[in-house]
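My entries follow the order in which I looked.

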Amino acid sequence: MSGGVRAAGASSPPRQETPPVRGALSNSGRRIAGIRPIGLAWLTVLAAMVLSVIGVYAIHVGEPPGSATRFGLSSIAIRQVVYLVVGVCGAVVIAIPNPKLIRALAPPAFVALIGALVFLLVPFVPEFLVTPRNGARAWINLGVADIQPSELCKIAYVLVIAGYLRYRTEHRTLVGLLPLAAITFIPIALITLQPDLGTSSLFVPSLFAMVLAAGARLRHLVLIVACAALAAPAAYPLLQPHQKQRLVAMVRMVQGDQTTADDINFQSFTAQALVGAGGTTGLPAEKSRALVYHTRLPEQHNDMIFSVIVNRFGLVGGLTVLGAYLAWIVGALVTAGHTKDPFLRLTVVGVTGFIAAQMTINIGMNIGVLPIIGITLPFVSYGGSSLLTCWLMTGLVVSAGIRRGGPPHRPSFEFGDGL
Amino acid sequence: MPSPQALIPSMFHRRLALLAALVAISTVGLGVQLGRLTISQGDALRDRAESKLERVTWLPTQRGRVLDRKGRVLAVDRPSYDLAVDFNVITGAWAVERAGRYARRVHRDEWPKLAAQQRRALIDRYLPAYESHLESMWETLAAGAGTTPDVLVDRRADIESRVDRMFSAIVRARTKSARRAQLAMGREITERIERRIEEQASRPIAEQRSPHVIATRVDDETGFLFQRLLGQTVELKPGSGDQPTDEVDRLPGLAVRDAGDRHYPFDRVVVDVDRSRLPSPVRRDSTESVEVEGVAIHLLGWMRSGAFAEDIERREAFLSESAEQASTSAGEVLTSVGTDRGRYLPTDAVGSSGLERSAEHRLRGLRGYERYRIDNGSIETHEPEPGRDIGLTIDIALQARIQALLDPELGLARVQPWHGEPNPTMPVGTPINGAAVVLEIDTGDILAMVSTPTFSRDALRDDPASIFESPIARPALNRALEVPYQPGSIVKAPILVAAATQGLWQPSQHICCTGHFLPDRKDVYRCWTYKRFGNTHGDDLTGEDAIKVSCNIFFYELGRRLGARGMAEAYAQFGIGESFDLGVGREFEGVVGAFGAQGEPGERLSPADVIFMGIGQGPVAWTPLHAAEAIAMLARGGISIRPRLVSDGSAPDVREVTLDRAAIDVALEGLRLSANDPRGTGHHITLTDGTRENIFTAPGVSVWGKTGTAESSPLRADTDGDGTIETLRSGDHSWFVVLVGPEGQPPTHAVAVIMEYAGSGARVSGPVTNQVIHALIDEGYLPDAREPSWRAEAVP
C-alpha cells in the first residue's frame, strides 16, 4: 500500500494487504477454545512476583531496629503479603473474563470512578468517610479497607481509551486527538485537585503510549510534546506552594547546592546518601535498617523504598529491580505484539505506559534526577490499592497473553506510513 | 541498511519497538545515575549516611599554664563546679507533683471518684511538707555556694522569667509554622485543626525539662560534698497520724557539673618592704606588708566567657595557616568528619587580652571525644589534648616587688615635697602613675614590666568602668609599652654614640656650654642649669662630662650636626619605629617626627626640631621598654637583642648595629659618672632642708645611669561631660635609666623607670630605680652585700 493518502475522517480502516507478521514476533502454539498458553506474559508475571517479594522484604528492612516480628517479618510487611495475595487474586479475576465483557464494563466503571473522584473533592464530606492523608483527599474509608479511586481509575481509563481507539483512525489527525485529550483531562484535573500531582501526571505517558501504538502520526506527537515543553513554565504559577518548593529544591540540588540538604532537599539528599551508601553489593540487614532509621528517611515504605533496596542490596539490587521492570515491560509489549485483539493490544500498552512512567519517575526521585512528587514504586511500595492496581494490570497482560490468537480480528493499527 | 519497515513490516510492532526503545533508554539513564551514586560517590555518600549513626560526646580539655622564668605557675585552669537544679524544682512544681503523687497513693481507692476540686484540696493538705523540704534544700545550697537564700530566690526568679519568655516565643513560632504548613498544603484552618496546632505548639520545651545553673564555680570541697549528698534520701511526713511517710531525695533535682575556671595564683601578692631603705622623708625602721593586686595583669591578660564572632574567625584563620601548631602531639586537630576539636562552644572561656589572647591557640588545647556507634554499640575514644604551657621571662616575685614599690602608700609614687617645683595639677600627696622595665642584658629577657596603677580581676568583673573610664589613672594602659613619652635627657648617651658613629663628633672633641645655644637668644635652646641657676657647665666639656651633668648645649650641638636625616637614623638605630611584638596587647612603636608621618627618615624634621631632639625633646617619643633596650645596647657594645617576654627555647634575636666603640666607652663612662660622681645629675637627691642623700644605696653593685626630665604634653579630658576640656595633668615626666651589675664587672641588667608628670628625674624616679636594684638583689640577680630582710609571699 502506498504511504497514507486517504480521505480525512474516514471511519473504516484501509484494507491491509501486508502479510501476517512473522519473525521474532510471530506466535505459535496450541489453541484451545481461544485460550492459549500464557506466552511471554509469564515473564510479566514472574517479574511482578519478583518485584512484589523484593517489596515485602524492603518494607521489612525499613522498619525501626528492634521492631517486633512474626514469622520473621514485621507486621507491616505481613500486611503487604496479605495485599499481595489479594492482588494476585485480583489478577486472576480480571484475566479470566472475556475481554468483551471487560470492554463493556469499562465505561460505566470509569464514570463511577470519576464520580468517586468528584466525591473526594466535595467539601462537606465527613472525615470518617474521606480522611486526608499527607494533605491529600485521596482515600475513601469503606470500613473494612480504604480504597484509592485514582488507582482503579487508571485501569478504567486505559480500558476506556483502548475501547475508543480500537478501530478508529481519527487519532491520525491532530484534531482527532482532542477527544482523547478531553477524556484524559477529566481524571487528571480531579486527581490534581486532591491534590495528587504524582498520580495525575502518569495519565499522560499512558495516553502517549497508547496513541503512539495506535498509529498516531509521529510528527503530531512530537509537536505536542514540544508545545508542552514550551508551555510548561506557564504552568508554574498554577502549582501549589509546596509543589513549587520541591521544584525549586530539585533545581538547586542539581546545580550542586548542598545547603538545602537539611531542609527542602532533606528527603532527596537522604535518599541519595542511602543509595550511595549501598555501594556495589549493599550492606548487612541490621546496618541497613539502622541507617534507614537513623537518617530519618521519610516515606521509607512508600515513595523512597527504592533507596532502601539499594542501600540493602547495593548496585546489584538496584539493577535487579530495573531489570525486573524491564522484564515486565518487555513481556507486556511482546504480549501486546502477539495479540491480535486491538482492545487488548492497547490495554496492554496503556498499562505498560503507567508502569514504565511510574517506575521511571519514582526511581528518578530516589536517585536525585527528578523532583519529589509523591509517587510509589509499582509492586514494591507499601499499599493495598497500589499493589492491587499493579496486579490487575498484570492480570490484563495475562488476559492478552492467553487470548493472543483469536477470535479473528481485523488487523489493527497498521497504517503503513513511516515509523 | 534496511529500513525499519523492511525489518519490522507491521507498524504496530514498529511502534511497540519504539516504545521499548524509549523505556530502554530511560532505564539505561537511571542505571547510569545509579552507578554514579553507588560507585563514584559511594564512599562519600556512605560517610554522610553513617554520620547519622554516630553520637559524639565531647570530653573537656585543660588550658595550658603560663609559667614565670622560675617555673612558678602564673595562670592555670582550676577545677570547680556548677550547681544546677531541675526547672520543676526551681518553679516549685516538684512539690505540687510529689504532693499529688502522695495524695493519690494515700487515697488510692477514692481518688478516681473525686472531683478535680476535691483532689486539689487533698494535694494542698500535703503540699506544705514538700514546700518546706524545698526551702530547706535552698538554704543548704545557699550555704554551700557561699551566698544567701535571698540571692537564690532572685536567681530562680530570673531563670523562671527567662524560660517563660523562651517558651512563649517558641510556642508562637511553632504555631506560625504549623499554620503555614497547613495553608501550604491547601488546607483550611478549622477550629479542630487550630486546637490541634495549639496542643502541639504548647508541648514543653527542653529548658523546662532540664537543670539550670543556680550557683557557679563552687570550690572542689563544696562540689564533692554536694556530690556525696546526691542520691541520699529523707523521709517526709506530709500526712498525719498513721498516714505513711514519703521518701524523697535529700536535694531533689540537683546536678553537680564540672565547671573549671582560670586561676592566677600570683594575682594578689603580699610583699614585705623594708622601709629603712627608703629616702629619709619616707623611711621607717620597720617592715611594711604591702598587698598588691593584679600582678602582671597587663601581661597575662584575662579570660571572658563566650566566644565572639572575631574569635571564631581568628580560629579559622589560625587553622588554615598552621594547623600543626594547634596540637601538642601528632594528634588530629580535626575529627574524622572535619570538626575542629578546638572549636568554640557558646559557654567556652576565651582569652580576652594579653597573653591569654595572643597565645589563645597554643593554650587552648583540643577536646577529646567519644564516638558511639548506634548500630553496633562500639565506642571510640579520643583523649583530650591539653593546651601547651607557655614560659615567660618574667620573674613574678620581682614583678610583685616593683609593683609594691610603686604603691603610693609607700611614698615613692606619691608627690613629695622634695620632688621639686610644685605642680598645680599634682599637689603633694597625689599618687603618681608610672612604669618600670627590667631587662637582662645578655639575653634580652624582660624580667619585669610593671605599669601602675594596676587593677584586680575582681574589679574587672565588678566595676569595669573604674578601669576603662578613669581619665587620670587609666589602669588598663600598659605604660611600659603602649604609651608614648618623650625621652628627655636619658637619650643623650645614645645620641652621643650615634653622632660619633656618623663621624660628626670625636671623643677628643670638647664642646662649650654657653648656657644658651643661639648666641643672640637667651630665651630658647637653653641649658637647664642656665635656665634654673643662670650659670653654665663650662667651656670644655668632654662627652663624659656632658652626660654626667646632662648639658643641653652639648647635645643641641650634636643635634645640629646630625641634622634631620642623621637624627632620624640615630633614633632608628636605637629601636624607635620598631614594634617588639610581645603579644601582650597594643604597643607603641616609637616615632620620630609627627605621628603618622610618612616618607624618608627625617623628611619632615625641621632644623629646630632636630636640635631639640638632641636632648630627647621635640617630635620624638618612645616607651620605657625602648629606653631600657637602648641603654642595654650600649652595654652590649652595639648589639641589639630584641626584648622578649615568652621563653620558647629559641635563640635571642640578635642584630649587630655598627656603633663607634670609643664613643660607647665615653657614653658608659658618662653614665657611670652621672650616677656616682657628686656632680652627676643622677648621684643624689636634695631634700627640702637642703640635705643630700645618695640615690643608689645598694652595696656590692656598680651602677651606670642617666636622669631625664622630659617636657611633655599635658593630659586633657572632659571629665564631667560639660563639653569643657580640662587639664588633668601637666608637667615634666620623670625618667631614670640605669645599667647595673656586680661591682667591678660589666653590667648585667638594664632598668628604665618613668613617673608621669612628676618632674625631676633624679628626685622622683631615682629613688624608685634604687629600690628596683634592691629588688634585683633580693631575687638573686645581683650579689647581696646588705642585711637580708625582704620577702614576698603569695596570698593563699
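Is A:Cys89 buried, partly exposed or exposed? I found A:Cys89 partly exposed, at 44% relative accessibility. The cut-offs I used are under 20% relative accessible area for buried, over 50% for exposed and partly exposed in between, with a 1.4 Å probe and protein chains only. I then looked up A:Cys153, which is buried at 0%. I searched for disulfides over all chains and the count was zero; a disulfide is a pair of cysteine sulfur atoms within 2.5 Å.

A note on the source: this is a predicted model, where local features need pLDDT of at least 70 and side-chain atom pairs count only at pLDDT 80 or more, while totals for chains, interfaces and linings use all residues. Residues are numbered from 1 along each chain as its sequence is written, chains are lettered from A and ligands numbered from 1 in the order in which they are written, and side-chain values use heavy atoms, with hydrogens and water left out.

**Entry: the interface**

I looked up the contact between the chains, where contact means heavy atoms within 4.5 Å. Chain A gives 61 residues to it and chain B gives 42. Together the two chains bury about 4300 Å², with 70% of that on carbon and sulfur atoms. Buried area is the accessible area (1.4 Å probe) that two parts lose on being put together, summed over both.

I counted six residue pairs in polar contact between chain B and chain A, both residues at pLDDT 80 or more. A polar contact is a pair of N or O atoms within 3.5 Å; within protein, one must be able to donate a hydrogen and the other to accept it, and residues adjacent in sequence count only if both atoms are side-chain atoms. On the side of chain B that touches chain A, α1 (4–7), α2 (11–40) and α3 (42–50) each supply at least two residues. Helix α2(B) gives the most, 22 residues. Helices (H or I, at least four residues) and strands (E, at least two) are DSSP runs, numbered from the N terminus.

**Entry: salt bridges**

Side chains of opposite charge can pair when their charged atoms come close. The rule for a salt bridge is a side-chain nitrogen of Lys or Arg within 4 Å of a carboxyl oxygen of Asp or Glu. A:Lys287 and B:Glu50 meet in a salt bridge at 2.6 Å, N to O.

Inside chain B, I noted B:Glu356 and B:Arg262 at 2.9 Å, N to O. B:Glu356 is in helix α12 (residues 354–358) and B:Arg262 in strand β9 (residues 261–263), 94 residues apart. Both are buried.

B:Arg586 pairs with B:Glu482, the closest N and O atoms being 3.1 Å apart. Why does this pair tie together parts 104 residues apart in sequence? B:Arg586 lies in the loop between α20 (552–573) and β21 (591–592) of chain B, and B:Glu482 in the loop between α16 (464–468) and α17 (492–501). B:Arg586 is exposed at 63% relative accessibility, whereas B:Glu482 is buried at 16%.

Last, I checked B:Asp68 and B:Arg72, which meet at 2.7 Å, N to O. B:Asp68 is buried at 3%, and B:Arg72 is partly exposed at 23%. Both belong to a network of salt bridges that includes B:Lys70, B:Asp395 and B:Arg401.
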